[in-house]
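Take a look at the sequence and the structure below. This report walks through the chains, the DNA and the helix packing.

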2 protein chains.
Amino acid sequence: MSELSRVSGVPVPSVKFYLREGLLPAGRRAAANQAEYGDEHVSRLRLIRALLDVGGLSVASAREVLAVVDDEDRPLASVFDVAQRSVSRADLYSARTPGAAEDRIDALVEERNWHVSPGNPGRIGAAGVVDAFLRIDRPELVGLLDRYADAAEIVAQADLAAVAGQEDVTGMAETIVAGTVLGDAMFAALRRMAQEHVTTRLYPVSADPSADLAGGSRPSTPDASAPTASTPDASTSHAHTPHASTP
Amino acid sequence: MSELSRVSGVPVPSVKFYLREGLLPAGRRAAANQAEYGDEHVSRLRLIRALLDVGGLSVASAREVLAVVDDEDRPLASVFDVAQRSVSRADLYSARTPGAAEDRIDALVEERNWHVSPGNPGRIGAAGVVDAFLRIDRPELVGLLDRYADAAEIVAQADLAAVAGQEDVTGMAETIVAGTVLGDAMFAALRRMAQEHVTTRLYPVSADPSADLAGGSRPSTPDASAPTASTPDASTSHAHTPHASTP
DNA sequence: CGGCTATGGACAGCACCACTATCCGATAGT
DNA sequence: ACTATCGGATAGTGGTGCTGTCCATAGCCG
């Protein structure tokens, strides 16, 4: 066990914890006080850390998801389902009654001819977010839905293509799980980068570091309503603004 | 206070808690044992609940973000920065040393002529995810980056357009915060829906409910590599598979 | 064969977080 | 005067993700 810990970089007490919690299968017992672990334990440990640290899963969710990875006879759709649920916060599911938000999501699904089952975690989650937009009195944010859905289609296509490229069933399941769980984090990160890029493109920063872009009055709002500028011109490769650090 | 609680639907002890934690400004003291609250307190409470429940922020992050919303003299980029950091898990920032993952992200940024500062939370987060992909020995998932970046650009354009549509500075800041924090949740939800849609389109389900889609051998991998099917044909509006529930 | 050390397993404890319950003095209403 | 309610302060709760302690056993060394 100490060697497993050394190779994987996970502290021995944590390895014990994962064993106890059922995330990591037990090693082959060689003696009453010896157990042997193999490569599969090392890679499982790495997957565990990725799910917990990068994907932000709870131990309980990770256990469910790993059980699915180990189950060879599980239909593909079910793997997706479990992986999706593991990253969705359960509290969002409760007490969602049909309302304006649900109608908006239903309309979106219909418009796009999407095939989405009523119990899909995303459907309920999306309705929850729309509901939140309405509750905080920002209905204009609901208008983001269409472009977000465009982007979601692109990402989902890529996800499925990655899954289809897998050789065996276990590989597929692991790809689905890793792609679903870590993909959320990856997209969120890329979104932040793209946001900074677009921001600096729309609101080029003046040389004065204390320049208050938003202060005073409306900041002249350049052509921010031209959203399909997917050809990034080599604009403003100068005057690079480091983000302010939180005080 | 009890009326505020009743109108907003937040329990009195929680209101007290948010007051204590500095998320909610104190009401006007009318007497030693009376305080008066207005509409701004109600909407603030709703925003707090949206950030905590839907956005999944911690109380500490919500406090930072709300302080930014209240600060009228803050540059636009700084508002984005704080909002972005609030949704990024801080532990991902630590101990990231330049490596293959960072190089991959740098290459992406260069390819796209993106303007992203080195300290951008997304940059570090994306490198962390790529690193995780490599560590769990799934380098093929790194290939998702390009399509994800396409999608991220679309979303960021939409985000900025929504911000530019705002009237006043406070409105802009609130839109940025709500859009950034809740937008993550919204995209993740739409991604789940799109995944189910694409899955059922690629792997139409047979009538037999016990059909094992992934079992046995490779599932014939249809044209999953045609990712730009942004015009959803009216395919497979039949044979609707409810997702399996977690056992 | 005797002692020393290391191992794996069980269990309890800890730190953090988001609340929540209790208490208290000060009114407001009757 | 009396009771109910209010605000604020403080302490407690339940859940989570480890982490530390203890112990019987076993391998190793002389």
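## Terms and model

Helices and strands here are DSSP runs, numbered from the N terminus; a helix has at least four residues and a strand at least two. Keep in mind that this is a predicted model.

## Chain A at a glance

Chain A has nine helices and two strands. Along the sequence, the pattern reads α-α-β-β-α-α-α-α-α-α-α. The chain has 247 residues, and 47% of them are buried. Now take the contacts in chain A with a separation of 6 or more. Residues 24 or more positions apart account for 60% of these.

## Around DNA strand C

H2(B) gives the most, with three residues.

In total, 20 residues lie around DNA strand C. The nearest are A:Met1, B:Ala31, B:Ala32, B:Ser58 and B:Val59. By class, this surface has twelve nonpolar, seven polar and one charged residues.

## Around DNA strand D

DNA strand D is surrounded by 19 residues. The closest are A:Ala31, A:Ala32, A:Ser58, A:Val59 and B:Met1. Four elements each supply at least two residues of the surface near DNA strand D: helix H2 (12–21) and helix H4 (59–70) of chain A, and helix H2 (12–21) and strand E2 (34–36) of chain B. The largest share, three residues, comes from H2(A).

How do the residue classes divide near DNA strand D, and how many are charged? There are eleven nonpolar, six polar and two charged residues.

## Where chain A meets chain B

In the contact between the chains, 111 residues of chain A touch 110 residues of chain B. On the chain A side, helix H3 (39–54), helix H5 (76–87), helix H7 (121–135), H8 and helix H9 (169–202) each give two or more residues. H9(A) gives the most, with 26 residues. By class, the chain A side has 56 nonpolar, 31 polar and 24 charged residues.

## A helix crossing between chains

Two packed helices are described by the angle between their axes and the distance between the axes. Start with helix H8 (residues 145–164) of chain A and helix H9 (residues 169–202) of chain B. Their axes come within 8 Å and cross at roughly 50°. H8(A) is therefore oblique to H9(B). The crossing is right-handed.

H8(A) brings ten listed here in order: A:Tyr148, A:Ala149, A:Ala151, A:Ala152, A:Glu153, A:Val155, A:Ala156, A:Gln157, A:Asp159 and A:Leu160. Those of H9(B) include B:Met186, B:Phe187, B:Leu190 and B:Arg191. By class, the contact of H8(A) with H9(B) has 13 nonpolar, three polar and three charged residues.

## A helix crossing within chain A

H8(A) also packs against H9(A). What angle do the axes of H8(A) and H9(A) make? They cross at roughly 150° and come within 9 Å. H8(A) is therefore roughly antiparallel to H9(A), as angles over 145 degrees count as roughly antiparallel. H8(A) passes H9(A) in a right-handed crossing.

On the H8(A) side, the contact uses A:Val155, A:Asp159, A:Ala162 and A:Val163. They meet A:Met172, A:Thr175, A:Ile176, A:Gly179, A:Gly183 and A:Phe187 in H9(A). These residues divide into six nonpolar, three polar and one charged.

Methods: Residues numbered from 1 in each chain as written. Chains lettered and ligands numbered in written order. Predicted model: local features only at pLDDT ≥ 70, side-chain atom pairs only at ≥ 80, totals over all residues. Near = placed C-beta within 6 Å. Nonpolar A, V, L, I, M, F, W, Y, C, P; charged D, E, K, R; others polar. Axes fitted to C-alpha atoms, helices over the stretch in contact; angles between N-to-C directions. Parallel < 35°, antiparallel > 145°, perpendicular 65-115°, else oblique. Left-handed = near helix turned anticlockwise from the far one by under 90°. Contact = placed C-beta atoms within 7 Å. Buried ≥ 20, exposed ≤ 12 C-beta atoms within 10 Å, placed from the backbone.
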